[in-house]
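This report describes one protein model in plain terms. Please look at the structure first and then read on.

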Amino acid sequence: MGKAKPLPVQGISRILVRGTNWIGDVVMTLPALAAIRRTLPGSYICVLAKPWVADLYKLSPDADEVLIYRSPGVHQGLLGKLALAGEIRQRGFDLAILLQNAIEAAIIAKMAGIPLRAGYKTDGRGLLLTHPVSRPKQLLAVHQTKYYLEMLKGLGFPAEAAPVALNLPSSCQRRAEEILNSLGVLPEEKVVGMAVGAAYGPAKKWFPERFAEVADRLHEDFGIRVILLGSLEDRRQTGEVSGHARSRPIDLAGRTTLSEAIGLIARCRLFISNDSGLMHISGALGVPTLAVFGSTNPRTTSPLGERSEVIYHQVECSPCLKKVCPADFRCMDVITADEVYQGARRMLLSSGSLLEKGLR
């Protein structure tokens, strides 16, 4: 779709990739990172990323290094950007591929003296790029994984979609078991995870009392332990779910690092989530993932993975992409607890690893 002059791949040995800033976006850039690796297999790939997503990029087999962009922090403001550009300059990169769309990414790459700079010519940064790629409007309607791959295609890369790969170290898995053991969950116990919050805004959040009903029915029918995961900002939502639930879900929101949360998700037999960053991680890990969508568009941001499913009813005002619902929240209200429970039950049983226990 987007076009640019092809990159001269001969002689490129060191690549800086400016990663995206949100967990879900990071997961959806991983196929593009893999495409860079396939095109230039002998190159050294360094990802520039914010601290809160760095652990996720470190799990990618296609990243040789993750350089932390500490803003807020030491890289904040003009002097901080100059310092960061100096750190990057010392590494001698031949090419910068800017997956992030902001002009700031292009300014830093230019200040760092990277000779080849490629990315979508958004945010007024076209003149700062040696290989700007046009972004047709129709690209905003495709899945975000394709959005990033199309940029690489515009640069002449053979960038076909591929399964997302995350290398989960054994230390991450051991840490997850340590956390669960400290909470009284034995290694043989079945665990289902839930992400009941969403960073973008309340319009993406299904009702806490319905999450609680699903948690209770899973516990009653399968003897499953439910864990609630999320950030510190999700504590109000997870607290409401716990308050409504009889089965006492384990609330870990804001109590884990990203690396620990990833390990805990990998331990789950099923992950039930709003449209959120943790939803994308679950799908990428190959964990059966049931995603509840309302205000956002599953066509562009549905979870990856062959074992992922979406519950979505397109009412007349959805997807609106608003942070706060200006009407009656009908896109979420139409999704019942029974619909989500039945979807979860079917996914658990289809895995072949669970037996029904007194199902009614």
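The model is predicted. Its six strands form an open sheet in the order β3-β2-β1-β4-β5-β6, and the pairing is parallel. Because β3 (65–68) and β6 (131–133) stand at the edges, each has a single partner strand, and one side of each is left without a neighbour in the sheet. From one strand to the next, the twist averages 20°. In general, the strands of a sheet pair through backbone hydrogen bonds, either parallel or antiparallel.

One pair can be looked at in more detail. Strand β1 (residues 14–18) and strand β2 (residues 44–49) run parallel and are joined by five bridges. In this pair, Val17 stands opposite Val47 in β2.

**Helices across the sheet**

| Helix | Residues | Lies across | Angle |
|---|---|---|---|
| α2 | 51–58 | β2 and β3 | about 180° to β3 |
| α4 | 103–111 | β1, β4 (95–98) and β5 (116–120) | about 175° to β4 |

**Asp221**

Asp221 is part of helix α7, which spans residues 208–222. Is Asp221 buried or exposed? Its relative accessibility is 5%, and a residue under 20% is called buried, so Asp221 counts as buried. The side chain of Asp221 also makes a polar contact, at 2.5 Å, with the side chain of Tyr341.

**Cavity and pocket**

How many cavities of 30 Å³ or more does the structure hold? There is one. The largest cavity has a volume of about 50 Å³. Its lining consists of His219, Ile224, Arg225, Val226, Ser247, Arg248, Pro249 and Ile250.

The largest pocket holds about 1600 Å³ of space. It is lined by 48 residues, and Trp22, Ile23, Gly24, Ala199 and Lys204 are the ones that lie nearest its centre. Several helices supply at least two residues each to this lining: α1 (23–39), α2, α5 (144–154), α9 (258–267), α10 (277–284) and α11 (298–301). Which helix gives the most to the lining of the largest pocket? The answer is α1, with four residues.

Technical notes
Residues numbered from 1 in each chain as written. Predicted model: local features only at pLDDT ≥ 70, side-chain atom pairs only at ≥ 80, totals over all residues. Heavy atoms only, no water. Pairing = 2+ DSSP bridges. Axes fitted to C-alpha atoms, helices over the stretch in contact; angles between N-to-C directions. Contact = heavy atoms within 4.5 Å. Buried < 20%, exposed > 50% of the residue type's maximum accessible area, 1.4 Å probe, protein only. Polar contact = N/O pair within 3.5 Å; in protein donor to acceptor, adjacent residues only side chain to side chain. 1 Å grid on protein atoms, 1.4 Å probe; cavity = no way out; pocket = protein on both sides within 12 Å on 5 of 7 lines; lining within 4 Å. Points joined across faces, edges and corners; volume = space filled by probe spheres on them.
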